[in-house]
Amino acid sequence: QVQLVESGGGLVQAGGSLRLSCVASGSVFGISTMAWYRQAPGKQRELVATITSGSSANYVDSVKGRFTISRDNMKKTVYLQMTSLRPEDSAVYYCNADIRKTWKPEYDNYWGQGTQVTVSS
């Protein structure tokens, strides 16, 4: 059994900062790419940022320069540092990861339950 558990969401004023965390637990032998997605009411889920096992990161244009994704492989954790937050960043943020449960290079994709981020104007 593998679980991804996010934390760190909340209510913040525009211009403020939040740091999201997501820890993988259970039968985790290895983790490949980790990512953060977000979904606002009435909108499709959107990829926000990805990070490879070698810590190569990519971002959607709307968050470049404001958000930073990072990971701690020993702690099986991915982070999303969000600064200069805007009301349009308000959404449920989901953690996503490709995880293998054995030594075999077979990865399954997992989602966290989501954490709400609300940015007030």
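These legends describe close-up views of one predicted model.

In this predicted model, local features need pLDDT of at least 70, side-chain atom pairs count only at pLDDT 80 or more, and totals for chains, interfaces and linings use all residues. Residues are numbered from 1 along each chain as its sequence is written, and side-chain values use heavy atoms, with hydrogens and water left out.

**View 1. Aromatic rings pair up in a cluster of Y37, Y94 and W111.** Rings of Phe, Tyr and Trp (its six-membered ring) pair if their centres lie within 6.5 Å; planes under 30 degrees apart count as stacked, over 60 as edge-to-face and the rest as tilted. By this rule there are 2 aromatic pairs. The ring centres of Y94 and W111 are 6.4 Å apart and their planes stand at 85 degrees, so this pair is edge-to-face. Y94 belongs to strand β9 (residues 91–100) and W111 to strand β10 (residues 108–111), so the pair ties together parts 17 residues apart in sequence. Strands (E, at least two residues) are DSSP runs, numbered from the N terminus. Is Y94 buried or exposed? Y94 has 14% relative accessibility and counts as buried. W111, at 38%, is partly exposed. Buried means under 20% relative accessible area, exposed over 50%, and partly exposed in between (1.4 Å probe, protein chains only).

**View 2. Two arginines sit over tyrosine rings.** The charged end of R19 is over the ring of Y79, 4.0 Å from the ring centre. R45 lies over the face of Y94, with 3.8 Å to the ring centre. A charge sits over a ring if NZ of Lys or CZ of Arg is within 6 Å of the ring centre and within 35 degrees of the ring normal.

**View 3. The largest nonpolar core has 30 residues.** Such a core is a set of buried Ala, Val, Leu, Ile, Met, Phe, Trp, Tyr and Cys residues joined through side-chain atoms within 4.5 Å. Which residues have the most contacts inside it? They are W36, L80, M82, Y93 and I99. Strands that each supply at least two residues include β1 (2–7), β3 (18–26) and β8 (77–82). The largest share, 5 residues, comes from β9. Now look at L80. Leaving aside neighbours within four places in sequence, its contacts include L18, W36, V48, F67 and Y93. Contact means heavy atoms within 4.5 Å.

**View 4. An open sheet is built from 4 strands.** Their order is β1-β3-β8-β7, and the pairing is antiparallel. Two strands pair if DSSP finds at least two bridges between them. Strands of a sheet pair through backbone hydrogen bonds. β1 and β7 are the edges, each with a single partner strand, so one side of each has no neighbour in the sheet. β1 and β3 are joined by 6 bridges. Here V2 stands opposite G26, and E6 has C22 as its bridge partner. Another 6 bridges join β3 to β8. In that pairing, S21 partners Y79.

**View 5. K43 lies in the loop between β4 and β5.** K43 is exposed, with 58% relative accessible area. How many residues separate K43 and A91 in sequence? The two are 48 residues apart in sequence, and 9.5 Å apart in space, C-alpha to C-alpha.
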